[in-house]
Amino acid sequence: MVDAADGKGSDENADKGKDKAPPRERSVTTQHEATIRGARIPYSATAATLILRDAEDEPQASIFHVSYLRGDVEDASSRPVTFAFNGGPGSSAMWLHLGCFGPRRLRMSDAVAPLPPPYSIVNNEHSLLDLSDLVFIDPVGTGYSRAHGKAKDKEFYEIKRDATSLAEFIQAWLTRHGRWSSPKFLAGESYGTTRAAAITDELLQAGVVVNGSIMVSNAMHFGTLAFETGNDLPYVLYLPMNQYLGKELEYPETRRYEAISLKVNESWSWADDKRMGYPNTAEHLRRSMLMNPHLKVFFANGLYDLATPFFATEYTASHLGREEHIRANVYEATYPAGHMMYVHPPSMERLRDDLERFYRAAIPS
């Protein structure tokens with residue numbers, strides 16, 4: 001079902017001298033069924049754009065996202081919802097979307113030797129959709145998300161503006177879907193954990209309480225990190241999102257899906273706090289955990305991850321604070337895999353087991 005269209009989807013910052021029609025939102029909903037841990041789960045998938053506006057109601061950005069809502073639920077208002085995103089910076093949500101949490105995944109063999117192309121998209125038996133509704137968000141400059149109006153894409157390429165825009169998106173999504181009473185979770189991978197900590201803080205300042213944050217391959221304290229290339233070639237070279245969105249979700253878009261943008265990455269402003277050298281949003285997370293004593297955080301890391309080493313996560317977790325409630329609300333797990341631990345089947349299965357326990361602990365009984 002197509003609800004609205006926003007034109008041809010050209011770059012909103014191009015053709016500076018021409019008058020452009022105000023952006024319109026686009027939304028396409030399709031019905032599906034997944035088998036998750038032996039259970040058949042009906043669900044709707046909505047691929048859509050949402051326009052962020054400023055105080056004068058002028059458009060600022062169009063945020064592309066895909067929402068998965070379980071279908072056999074009588075009262076969705078109390079069902080958990082998880083907002084997920086990746087990192088980079090400059091990365092779309094494709095990795096967590098088609099690699100780990102979504103109801104469909106890119107078929108991989110193991111973490112050492114990926115299958116040769118072409119790659120297929122298959123059922124994800126370890127999806128989180130049976131536990132929580134899922135919303136995968138592409139920040140400005142990634143996927144199909146772009147700045148609008150007088151705003152420029154580059155304005156969003158820094159820690160603060162990035163976090164505030166995604167916090168605004170989450171609040172708008174909750175309002176439109178009538179989900180303010182739902183338990184709320186954030187999930188980020190790599191730089192996405194930097195993003196998740198900052199968003200958690202932004203939401204709390206706006207009066208939005210988060211139940212739990214899932215930090216996959218933590219990268220909140222950049223003074224502790226190294227850099228390596230991950231096992232992501234099938235995702236980058238094959239561009240599975242183009243096929244998946246067009247064929248399975250029936251989203252009509254002719255632009256290339258920006259899976260990961262080096263332009264965004266190279267243009268990123270790393271200044272978060274003038275008092276600090278390296279970016280360190282662990283301070284944001286600590287502040288959020290102090291103000292919200294019920295916020296639980298789950299850290300997942302690969303034992304052989306050379307980009308965001310597990311000992312850096314241990315350092316961050318142990319320095320969140322000595323307060324008793326903070327220590328009780330921090331969960332940690334290490335898996336025998338690398339940066340993208342979910343491409344290693346045994347690690348993916350264990351991660352799903354651990355997250356199921358985490359959701360149960362974080363949701364009020």
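1. Two strands count as paired if DSSP finds at least two bridges between them. Helices (H or I, at least four residues) and strands (E, at least two) are DSSP runs, numbered from the N terminus. In the hairpin of E2 and E3, two residues lie between the strands, and Arg-37 takes a positive phi near 55°. Strand E2 (residues 27-36) and strand E3 (residues 39-53) run antiparallel and are joined by ten bridges. Thr-35 stands opposite Arg-40 in E3. In a regular strand, side chains alternate between the two faces of the sheet.

2. On the basis of this note: the model is predicted, local features need pLDDT of at least 70, side-chain atom pairs count only at pLDDT 80 or more, and totals for chains, interfaces and linings use all residues. Residues are numbered from 1 along each chain as its sequence is written, and side-chain values use heavy atoms, with hydrogens and water left out.

3. Overall make-up. The protein chain has ten helices and 13 strands. Of its 365 residues, 57% are buried (under 20% relative accessible area; exposed is over 50% and partly exposed in between, with a 1.4 Å probe and protein chains only). Among contacts (heavy atoms within 4.5 Å) with a separation of 6 or more in the protein chain, 75% are between residues 24 or more positions apart.

4. Aromatic pairs. There are 17 of them in the structure. Rings of Phe, Tyr and Trp (its six-membered ring) pair if their centres lie within 6.5 Å; planes under 30 degrees apart count as stacked, over 60 as edge-to-face and the rest as tilted. Phe-185 and Tyr-359 form a tilted pair, because their planes are at 35°, with ring centres 4.4 Å apart. This pair links distant parts of the chain, since Phe-185 belongs to strand E10 (residues 184-189) and Tyr-359 to helix H10 (residues 345-362), 174 residues apart. Both partners are buried, Phe-185 at a relative accessible area of 0% and Tyr-359 at 2%.

5. The ring cluster. Tyr-359 also pairs with Phe-358; the centres are 6.5 Å apart and the planes at 80°, so this pair is edge-to-face. Phe-358 is buried too, at 1% relative accessibility. Ring pairs join Phe-185, Phe-298, Tyr-331, Phe-358 and Tyr-359 into a cluster.

6. A charge over a ring. Arg-26 lies over the face of Tyr-251, 5.3 Å from the ring centre. The criterion is NZ of Lys or CZ of Arg within 6 Å of the ring centre and within 35 degrees of the ring normal.

7. Helix H1. Eight of the eight residues of H1 (residues 94-101) are buried, so the helix is largely enclosed by the rest of the structure. Among them are Trp-95, His-97 and Cys-100. Leu-98, also in H1, has 0% relative accessibility and is buried. Its C-alpha atom is separated by 10.0 Å from that of Asn-123, 25 residues apart along the chain.

8. Packing of H2 and H3. Two packed helices are described by the angle between their axes and the distance between the axes. The axes of helix H2 (residues 159-177) and helix H3 (residues 191-205) come within 8 Å and cross at roughly 65°; axes are lines fitted to C-alpha atoms, for helices over the stretch in contact, and angles run from 0 to 180 degrees between N-to-C directions.

9. Backbone points to check. Most residues other than glycine have a negative phi, and most peptide bonds are trans. The peptide bond from Gly-88 to Pro-89 is cis, with omega near -10°; Pro-89 is in the loop between strand E5 (81-85) and H1. Ser-190 has a positive phi of about 60° and sits in the loop between E10 and H3, where Ser-190 is buried at 19% relative accessible area. Glu-250 also has a positive phi, near 60°. Glu-250 lies in the loop between helix H5 (240-248) and helix H6 (262-267) and is partly exposed at 48%.

10. Two further loop residues. Thr-142, in the loop between strand E8 (133-137) and strand E9 (146-147), is buried at 2% relative accessibility. Leaving aside neighbours within four places in sequence, Thr-142 is in contact with Gly-90, Ser-91, Ser-92 and Glu-258. Ala-21, in the loop between strand E1 (2-4) and E2, is exposed at 66%.
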